[in-house]
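Hi,

Here is the structure I promised to pass on. Have a look at it, and then read on for what I found.

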Amino acid sequence: MPELPEVETVVRTLEHQIRDAEIERVDVRWAKVIEGMEPDAFCSRLSGQHFRTFSRRGKYLLFGMDDCWLIVHLRMEGKFYVQKDSRAPLNRHMHVVFYLKDGRQLRYHDTRKFGRMRIMPLDTDFTHFHELGPEPFDPAFTAAYMHEWKKGRREPVKSLLLDQSFVAGIGNIYADEILAASHIRPGRSCARLTRKEEAAIVANTKTILAAAIAAGGTTIRSYTSSLGVTGRFQLYCSVHDQKVCRVCGSPIKVKRIGGRSSYYCPNCQK
């Protein structure tokens, strides 16, 4: 699943490719991808609109149009393709096609059909959108914030990092890497974290996500950018999807936590 760095990469790549492009018409080929209105109304609302601004909230892509927001969540395998040759055939996994006035097409591809799109008013406040917590780079995301937020909680620290109401945008890959850099096992109860460990988690969250964004995200398993950008962060993963720890060379162990495979080094992480 695309996480914060991958979504950021998609947003910035699309900004470079389709900024100020005008939508001539929209074709919704699978109705359930649209939330909040009928597909015909969705298509009508976006006809004549321009892609003006490009941003992100957690794992949501936010496209600022002329007088509304187009919100997209890629979920497991959603991808965008900017198609220059309009004669190129559409396959059965391309569920929404934005026909641009300059002759190009922005195609939304989703093999598993989990992704969703929604139109929202231009004055929407995204501060607490879908009960999302602060962004990892927000000044509000501090060790003190983490200490207060986890009071009374005993779930594994890995589950805490994946809780989007705690901090927005972290998924399975980066949670593993953050905990590896902090020398903390993913199954450790968040109630047992020390103040020093909380500070390490916050600092490593910012460092690792910044490095992943700079690397274009992670191209791993089901996720690729599809926009001509190949993520390279998987080349630097210490534990996630690794056989041996890149730091000490010990065999990596895998544990199921909250239904997710969690990779860790039993030697480096305590």
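E155 is partly exposed, with a relative accessible area of 23%. Keep in mind that this is a predicted model. E155 pairs up with R153 in a salt bridge, and their closest N and O atoms are 3.6 Å apart. R153 is partly exposed too, at a relative accessible area of 30%.

That pair is one of several, as the count comes to 18 salt bridges. Some of them share partners, and E8, R12, E15, R19, R56, R57 and E135 are joined that way into one network.

Start with E8 and R56, which form a salt bridge with the closest N and O atoms 2.8 Å apart. E8 sits in helix α1 and R56 in strand β2 (residues 53-57), so this pair ties together parts that are 48 residues apart in sequence. Buried or exposed, what is E8? With a relative accessibility of 14%, E8 falls under the 20% cut-off and so counts as buried. R56, at 15% relative accessibility, counts as buried as well.

Now follow R56 to its other partner. R56 also forms a salt bridge with E135, and here the closest N and O atoms are 2.6 Å apart. This link again spans distant parts of the chain: R56 is in strand β2, while E135 is in the loop between β8 (116-121) and α3 (143-149), 79 residues away. Both R56 and E135 are buried.

Helix α1 covers residues 4-18, which makes 15 residues, and runs 21 Å from its first C-alpha to its last, close to the 21 Å expected at 1.5 Å a residue. How many of its residues are buried? The number is 11 of 15, leaving α1 mostly covered. Among the buried ones are L4, P5, V7, V10, L14 and I18, along with E8 itself. Just after α1 comes D20, with a positive phi of about 70°.

One last stop, elsewhere in the chain: Y264, which is found in strand β10 (residues 260-264). Y264 has a relative accessible area of 11%, so this residue is buried. Leaving aside residues up to four places away in sequence, Y264 touches R185, P186, V239, I252, K253, K255 and Q269. As for A211, it lies 53 residues from Y264 in sequence and 20 Å from it in space, C-alpha to C-alpha.

That's it from me. Happy browsing!

Methods
Residues numbered from 1 in each chain as written. Predicted model: local features only at pLDDT ≥ 70, side-chain atom pairs only at ≥ 80, totals over all residues. Heavy atoms only, no water. Helix = DSSP H or I, 4+ residues; strand = E, 2+ residues; numbered from the N terminus. Expected span 1.5 Å × (residues − 1). Buried < 20%, exposed > 50% of the residue type's maximum accessible area, 1.4 Å probe, protein only. Contact = heavy atoms within 4.5 Å. Salt bridge = Lys/Arg side-chain N within 4 Å of Asp/Glu carboxyl O.
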